[in-house]
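Subject: Structure handover

Hello,

Here is the structure we talked about. Please open it alongside these notes.

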Amino acid sequence: MRSFKRAPAAALFLFAGLLSVAPGAFAQYHFGYSQSRNIEITGFGGGRFFGNVALPTDRTYDYLKIDNNYDYGLIGDVDLFGPMQAEFMWSRQPTSLEAHDFSNGVLSPAGSTTLDNFQWSLIYQLRDSSSKLRPYFGGGIGFTHWSNANAIGLPFSNTVGFNLGGGVKYYFVKHVGARIDFRWLPTRTTSQLAQYCDPFYGCYAANQNNYAHQIQLNGGLIFRF
């Protein structure tokens, strides 16, 4: 558990290490021939919206509402082959939680937290690489770190999730551009027993995972090397 709690810092350290060796490595022999690859670094900002944490065992509150707030972060993209890119994204959202009382619908402050989202993805770009305007789509998997989890009463501090989305890149010149990015970020939070029924095995109880479904919309500047 202690090593897993250090995962956010380790992920950023690993990303920085990859960037430090990438310029030499990405110009090496690839699939039988020499091929240089572009590296793109995007600093972005915007907002992250929606998302609830289900509380299946609480007798007063049925979920924690994640308040909408700004976010910011970095995206690193590396050309693989053709229109494909490998991507790492880190995004941070300072936010607060509100507890929903299921008996009267009242929301009460439950504490502050910072959500650090780390995602590894594959991106497919449309149009030719020489085009100034390049739409794209893709998705991947990663995890979210919840700060201040113990003080808030959350039964976790790191949760597995994934992302799906897309956007558009526009290059002003060869090495500088702008980007609009949209992501759906479901993150697994709590779990509970639920009843399932099928025509062959009848009804049975099985574990059901709950997810916090967030939406992230950002804009930023691209620096291509």
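Helices (H or I, at least four residues) and strands (E, at least two) are DSSP runs here, numbered from the N terminus. This is a predicted model, in which local features need pLDDT of at least 70, side-chain atom pairs count only at pLDDT 80 or more, and totals for chains, interfaces and linings use all residues. Residues are numbered from 1 along each chain as its sequence is written, and side-chain values use heavy atoms, with hydrogens and water left out.

Overall picture

The protein has twelve strands and three helices. Of its 225 residues, 40% are buried. Buried means under 20% relative accessible area, exposed means over 50%, and partly exposed lies in between (1.4 Å probe, protein chains only). The exposed surface comes to about 12,200 Å², with 63% of it supplied by carbon and sulfur atoms. Accessible areas come from the Shrake-Rupley method with a 1.4 Å probe; for residues, only the protein chains shown count as cover. Contact means heavy atoms within 4.5 Å. Among contacts with a separation of 6 or more, 62% join residues 24 or more positions apart.

Ile 75 sits in strand β6. Ile 75 counts as buried because its relative accessible area is 2%. Beyond its neighbours within four places in sequence, Ile 75 is in contact with Glu 40, Ile 41, Thr 42, Phe 44, Glu 87, Phe 88, Met 89 and Arg 179. Ile 75 and Gln 119 are 44 residues apart in sequence, and their C-alpha atoms are 9.5 Å apart in space.

Ile 75 also lines the largest cavity, along with Thr 42, Phe 44, Arg 179, Asp 181, Gln 216, Asn 218, Gly 219 and Gly 220. The largest share, four residues, comes from β12. By type, the lining has two nonpolar, five polar and two charged residues. Here Ala, Val, Leu, Ile, Met, Phe, Trp, Tyr, Cys and Pro count as nonpolar, Asp, Glu, Lys and Arg as charged, and the others, Gly among them, as polar.

The count is one cavity of 30 Å³ or more. The largest cavity holds about 50 Å³ of space. A cavity is a set of points, on a 1 Å grid over the protein atoms alone, where a 1.4 Å probe fits but cannot get out; lining residues have an atom within 4 Å of a point. Grid points are joined across faces, edges and corners, and a volume is the space filled by probe spheres set on the points.

Salt bridges

There are nine salt bridges, each a side-chain nitrogen of Lys or Arg within 4 Å of a carboxyl oxygen of Asp or Glu. Arg 183 pairs with Glu 87, with the closest N and O atoms 2.9 Å apart. Arg 183 is in strand β11 and Glu 87 in strand β7 (residues 84-101), so the bridge ties together parts that are 96 residues apart in sequence. Both Arg 183 and Glu 87 are buried.

Asp 116 forms a salt bridge with Arg 92 (2.7 Å, N to O). This pair links distant parts of the chain, 24 residues apart: Asp 116 lies in strand β8 (residues 107-125) and Arg 92 in strand β7. Asp 116 is buried, at 6% relative accessibility. Arg 92 is partly exposed, at 30%.

Asp 181 and Arg 179 also form a salt bridge (3.7 Å, N to O). Asp 181 is buried, at 4% relative accessibility. Arg 179 is buried too, with a relative accessible area of 4%. Salt bridges with shared partners join Asp 77, Glu 87, Arg 179, Asp 181 and Arg 183 into one network.

Loops

Which phi does Phe 50 have? Its phi is positive, about 70°, although Phe 50 is not a glycine. Phe 50 lies in the loop between β3 and β4 (52-54). Phe 50 is exposed, with a relative accessible area of 53%.

Arg 127 also has a positive phi of about 70° and is not a glycine. Arg 127 is in the loop between β8 and β9 (133-146). Arg 127 is exposed, with a relative accessible area of 52%.

Phe 81 lies in the loop between β6 (69-79) and β7. Phe 81 is partly exposed, at 46% relative accessible area. Phe 81 and Arg 37 are 44 residues apart in sequence and 8.5 Å apart in space, C-alpha to C-alpha.

Best wishes

Conventions:
1 Å grid on protein atoms, 1.4 Å probe; cavity = no way out; pocket = protein on both sides within 12 Å on 5 of 7 lines; lining within 4 Å.
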